[in-house]
Every structure is written in structure tokens, then in C-alpha cells.
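Okay, quick one from me today.

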Amino acid sequence: MLGGGAAERAGIVPGPGSGRASGGVHTVGLLVNPVAGLGGTVALKGSDGAEAQRRARALGAAPRAAERAALALAELRTRLPGVRVVTVAGDMGEDVLPGAAEVVCDRPLRTTAADTRRAAGALIEAGAGLLLFAGGDGTARDVLDALGGGFPAVGIPAGVKMHSAVYAVSPRAAGEVAAAYLSGAATAAPSEVMDRDGDDIVLYGLLSVPRVAERVQRGKVGSSLTGGDDLAGIAAEVDAGRRAGGVDVYGPGTTTHGVLRLLGVDAPPTGVTAVADGSCLAADADAAALLRLSTGRPARIVVSPIGGQGFLFGRGNQQITPALLRAVGRDGVVVVCGETKLAALGGRPLLVDTGDDALDRSLTGYLPIVTGRRRHVMYRVGER
Amino acid sequence: MTGEIAPKPPLRRYHAARWDEPLLFELSQPGQRGILPPALEPGLAADAADELPAALRRERPAALPELAQNAVLRHYLRLSQENLGADLNIDIGQGTCTMKYSPKVNDRLVAGHKLAALHPRQDDETAQGVLEILWRLERMLAEISGMDRVSLQPGAGSAAIWTNVAMIRAYHESRGEGHRDQVITTIFSHPSNAACAKTAGYEVITLYPDADGYPDLDALKAAVSDRTAALLITNPEDTGIFNPRIAEFVEAVHAVGGLACYDQANANGVLGITRARDAGFDLCHFNLHKTFSTPHACGGPAAGACGVSAELVPFLPRPTVEFDGERYFLDDDRPESVGKVRPFTGVAPNLVRAYSWIASLGAEGLREVAEIAVLNNNYLMTQMLKIRGISAPYAKGRRRIEQVRYSWEELAEETGVHSEDLGHRAADYGVHYWTSHHPYVVPEPATLEPTESYSKRDLDEYVAIMNAVAEEAYADPETVRTAPHRSSVHLNKEETLDDAGAWAVTWRAYRRKNAER
């Protein structure tokens, strides 16, 4: 998933301030998922698939992606006059601001995931230095598939499900972030793309998103660490609490992945990793392996709030089973989180949904969250 | 000629001075001098420096800028014109900082030779006047806080917090409880509380607000243990919301043997109304440059005051100022003291200013200060909340104490203009405006604190400016976003503030870091 993007195939991974095709002109690729958000207004859980879209339209829903993309584009053009916009024909981009963008890709007959991927590839080949896309979690997943992890993109929030940390806080903020990146004032960092798999929300992969403080969505989502957060301090604190001969189970996500990286362990951010004495015992481990590795010696579970509404367990990390949690115990749970990400929860409690009600209840109450070296926040874990 | 005065527009057509003034080092010209001292008389030692030990002597002269007197004067006058000082603007935009008027008569008092020419090494017998002022000021602040003794030694608010943390540590160690290694604070208390505790070696536990914006009492109860050294907390917090359950916070910390320390840097809303000791606190501190009107002085020297209960008196910084009924003297023989946190007895000019300010008001006047500050704030909030796109998060419909943390979240979503942009545009109308400490728990924050110094007319003018700027954000966001347009400088590169490779506080560092780039 991370290796097969069109950008990497084309060998193009631009840095900040790039996307100047010629004569110093910045180029942005605009991609709109015209059916994004269709389900939301009529209380459907998403807009993926022809059947959901048909039902949504039958219930009187109207797409809102174009309108939101227009706001983002207006903001970008204000902040970066003369920006060149390349896009897809029709309602996948061209119709957003007719005449304002160069159409470099035909409108596919349908708007399937494959069409999204093909269109993204075309925009990159046309010189885009950044992809600005309007949609929801499904769109982000398709964009990631198309781009790979290295090509920068930022989402215009327009979907029903937006658990991913790749969306700006508002459509206008998306335009601002794009302008900041193209003009070289912001750099990009890996950010979580989440998606729903049945009832589960999973970490799908990492998309490169420009970081502009307070402008990229962090509130409702598991998200990437930014400037104010002390990842090195968090890693040092986790390391200082390590018990000799013990095993540490790291949940998925950018924070835990960042901690692992600083501790010298290279493992995929989407999986659960078991570490002992500073070396990786198992990457992308399943439930049985984790239980086996943690039995008979001191164990900790290191997790960061991930996905949707600040879930600690039960979303995106089902490999950490009730059996493992019971074996490790509440005292062995180490929650790590940057301060800005915690602040962005807006006072809402962290949540657990392990599938075992008694265990869930035992995990509620207050837990110390590691926010830096010898720094904690006492934070509430609530009932769902 | 009619002699009529042209009517002024509703909003000032302000424009700041813009001098493009170089740095002093850039203005330096070899050989320029401010003063030429007379040549040595024949027969005197050729060079006094010859008497110095070799280790103290420079091999090369110091690289100082060389300028004439008028060049120096012109330089600093120009810089002063490029400033929006507290005496120049309606300075209510720096919430939490309590930017009140500092009466000029107090500057005259301290500029006189009696204080300005005083030497800290003078014999106590020849400094009875200033020692009496320090002693009496200490008694006043003890009465205001309810504490038993007060130290006036710290040179700033954060220095006072650090001093309190040092006393907390000494207190626990004296009781054989040096194992207490945690300090608890809240996210809406001033970040100096966490920073000072951390500097002193403590582990810091921070509490976040509950849904109403109060610090979470249940979180505190979960955090306290036999490792708790102290709670460092502000009330009202930066939101301007008074925590009515503060005594329960103190009790929860006392129950495990910890101390409770009240950050009263800004006590402007509670003077004469509540006292730290009455809520059970063991320590508190005041910033005399906030509540007690001495100038902030652009980062110092300021003055902090630490108040403590009787149990903590042995640990106060030394020397203390004492009075034996006849004469005032300095007591340096305090074996349990945390030592000195600053040379001598404190920043005397600021202490005299604060003494004069308190004496001129009296007890009734201090309470009136708090009452007017609270009334001003609630009037300002009522007017500000009429502006499009603004809100006051938490405690909906309820009054605030002396300040409010507002949110421009709605305006930002609708216009793409951010709180920082509004502040930059406000500078075009000659007023200052601040957002919030980090992290931004309140999105798109702005913190306003009008104090008692400003009239209704002043507040109305400030509101009119903020209203104009907000309306402009809707009608012409580009102008707001690219502001300031009429100020002395344009925008700083904020990212360099976090880049140790870029910032420079000396000319030498500036040249070194820029040469390397």
C-alpha cells in the first residue's frame, strides 16, 4: 500500500516550495470526490459504494464537496496569487470554479476508487507539487493508494467519515495549508489515514501532509505530532519506565511509531509491535503472538489515542485483546500523547471498547497520560 | 479662516513611526565617541588597569559600538517611537498580564537621589528609610494574602514561583519527606508553574478542565499520592472563571501531606475579596508589576513577592528584613533558608512603587480596584460578544472575574482569518492584542483583561476597533490577513522563534549564526 503510488513510480517526491512547473509558477492538483459527504446529511454512515449513494440521493441528499472545494481554492488563490491549478474534468474538479483550472484528465464514467487513483496520477504527471483533495476517509485512502506515503497532499473536509488526520480544520484552512506548503513556509510530515473496516476503525497508512499549527485537523482524530509536542520527551519517559527483562507492546499510530523510532526500533506504524530490551520481538504481531510473548514476564502496553473519538482500545488495535489487557493489568497501560493533540480533544474523555464490558469498566476513571519526560496529564477514560 | 477643528473619524487613522533603524552595532563608526575623558595628570599611575591581575585583563579591547551622544539618543528615541507601550495604547489586549496604569508620581519618588543613589552595601543604620518601606510593604502583602510572612526578594513572577517551589522542597526535606517528587498544576494556570517545578527537578502532572472549564477535581483526587509535593494553581484561571471549589482542591492535597501554592501573579479581581490563606493555601505569590502597578519594564527587572504560612517561614530567602521595635535590620542568620534567589533584598525601586501605590489606595481602595476591574471586564465581555464570529467558551451565560479567554473559531471557519491575523490588524489601529499560552486549548483564542485603569470610553473604543477588524475579516479578509499595514514592522518569521540555530540575543550570536547560514 505504501510502496505502489503513482508518484513513487514516477520518481517524483517534491519538497516544500516545489511544484513550480516553469517560470516560478506553483502548481496544485485539485481532486474532488463528487459524492463525498452525500450520506452525511441523511444520517448514513458514509457514501462508499453505488448503493449507499443511490439511497442517499433517494433520501434527498445533495453533494457538498464542490462547494467546500471552492472555498479552499478561493483561499489558496488569495494567498498564492497566480497559482496554477490542474484538475479533472467535470464534477471531479473542473466544475468547482469553471475556467480557473487546467483540465488535464478526463472525467471517468464512474467515480470508483480506481478512478480516484488514476486521476491523482494524472495530476502529478501534469506537474502538481501538492494534491488538494475534497472528500472523506474513503477518499483519503484512495489518495494514499495513488500517491504512496511520500507525495504531499492535504484534505478539504467534505466527507461523512473524517477520522483521518489529513484534513484541514475547515475548507478555507485547507487552502491556507496548501499555500503555506507551496510557498515553502511549511513542511510535510506523515499523518494518519484511518478507515472503517466493518465496525472497526483501522489505521490504513500514513500520508504526507503539510504541518501548519492549528490548521490541520487534530480534534476528532488520531493524529500526527506537531511543533509543540515533545516526542523525544515522551520516548525518554517510556524508556525510563522500562522494566529489565520485560516486554513492551506498542499499539499502532504516529505517536507510538515515533517513540519506537526514537528508541531505535523500526516497525510498521499500522501494526502492533512487541519490544524487549530495546529490540523488536515481533512487528505487526497478532493477538496470539502478543499473548504468548507477554506471558511469564513483566509487560506493558504502550498506546496513544487513535482514530475517531479518542479511543484507546478497540479501534484499530484489536490485536490487543481483553486477555492481554487482563494479563498486563491497568497499571501496565502506558498512554502517550502530545499536549496539543490532547488539548484538541476539547475535554472529551478517552474511550475504550474492548468487547469485554467488565474490562472496559475497570479501565475507566483517570489515567496518567505521558506528555513528555517527567510530564503527565491526569486524564479521564470514560464510558462509551 | 473659521477656526474650526476638523472632526475626527470614528476610528483613528493611526500610523506608527517607521524608521528602518539599524542596530547600534551597525551604526558604529570607528573613532566616534560619546565623551572624551580628560587626559591623566602628570605623575599619576599611567594606567589603573596595570594594577589588575593578568587573569582579569582583556587581551583585546571589548568590541563595543562607537557612537556620538546624539547618535545614541536618536537611536533610542526612534525605537521608543516604534513601540506600542502601556502609556500609549488602550492596553487591555494582553490578558493575564494585568496591564494597568503605573502612576507617574511613583516614578518621581524612586528617581530621587534618596533611592537612586542608595547602595545595597550601605550600613543598615544609614538605610532605615528604605528598610522601613520594605518591612511595611511586607506587612501589607501579608494582610492582603492572609499569610504570615512575605519575601520581596524575587526579581520577577517566575522567580517568585521558583522561590516557592524551592521552599516547598526545603519544607518536605526538613520533615524527612524528600521522596515527594511530583508537583500538580492545571493547563489554565500560568505555564511558569509547570516550568518552575520542572526546573527544580519535579515531575509535573497537569490537570485539564472539565466540561464547564473548571479544573477537574476528580482528576486531582486521582493524581494525589504520597509522592505529591504540592499543587500550584491559579484562581481565577486564564479563562477568567473563578473556581468556587478551590478549598476542596486544597483539602485534597493536604490530605496526602502535600502543600497548596496559589499563583496570584494576577490578583486583580480578588483584592480585598478573597485571601489565599483563607482558602487554606500554604504559599502564594504576587507579581508586583501586575496587580500592584509597578511597570512591567519589558521583561524586567520586575518584582515578585512570596507569601508563606508560619510553618514555611524558616525557609524564606535570606536576608529577611526585621524590626526590633526601634530599628530595622537585615537578618542573614537563617540556617533553614533556601538561600538567595537574587542579590540583596529585591528590586528596591519597584518595591517602593508598589508600597506607594498600596498606601495611596488603602484597604477600601484596593477592594474598589478589584470591583472596578471585574465590572470593566464584564462590560467589555458583554460588548465583545456582540461582535460577529466571537464567543466565550465554557460557563455559558455566566460572568467572568477579571479577564476572558475568547474564541474566534466561528469567524475563522467563515472567513479563513485567524486570531493572530486579527491581532496584527488591530495594531493598525494602534492597539495591542494577544492570543493565549500554548497549547491552544481554546481554539482561535484571544485574551482580554481591561483592569481598573480604563474608562468606559476607552473600552468602547477598543470594542469599536475589534468590531471593525472582525467586520473587515468578513468583507475584505485579504487586508486583515496581510496586516499589519500601518505598523512599524511587518511580520516576524515566527518559525525562527523555535529554531535555536536562528535566534540571537547578542550581536555576536547574530553574526555567528548568520555567517554559518
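So, ground rule first: a contact here means heavy atoms within 4.5 Å. Among contacts in chain A between residues at least 6 apart in sequence, 68% join residues at least 24 apart.

Housekeeping: this is a predicted model, so local features need pLDDT of at least 70 and side-chain atom pairs pLDDT 80 or more, while totals for chains, interfaces and linings use all residues. Residues are numbered from 1 along each chain as written, chains are lettered from A and ligands numbered from 1 in written order, and side-chain values use heavy atoms, with hydrogens and water left out.

Chain A has 12 helices and 16 strands; those are DSSP runs, H or I of at least four residues for helices, E of at least two for strands, numbered from the N terminus. Of its 384 residues, 60% are buried, where buried means under 20% relative accessible area, exposed over 50%, and partly exposed in between, with a 1.4 Å probe and protein chains only.

Now zoom in on V302(A), in strand β11, residues 299-303. Is V302(A) buried or exposed? Buried, because its relative accessibility is 0%. Leaving out residues up to four places away in sequence, V302(A) touches several others, including V238(A), V249(A) and V336(A). V249(A) is 53 residues away in sequence, yet the C-alphas are 5.9 Å apart.

Over to chain B: R58(B) sits in the loop between α1 (24-27) and α2 (69-81). R58(B) is exposed, at 62% relative accessible area.
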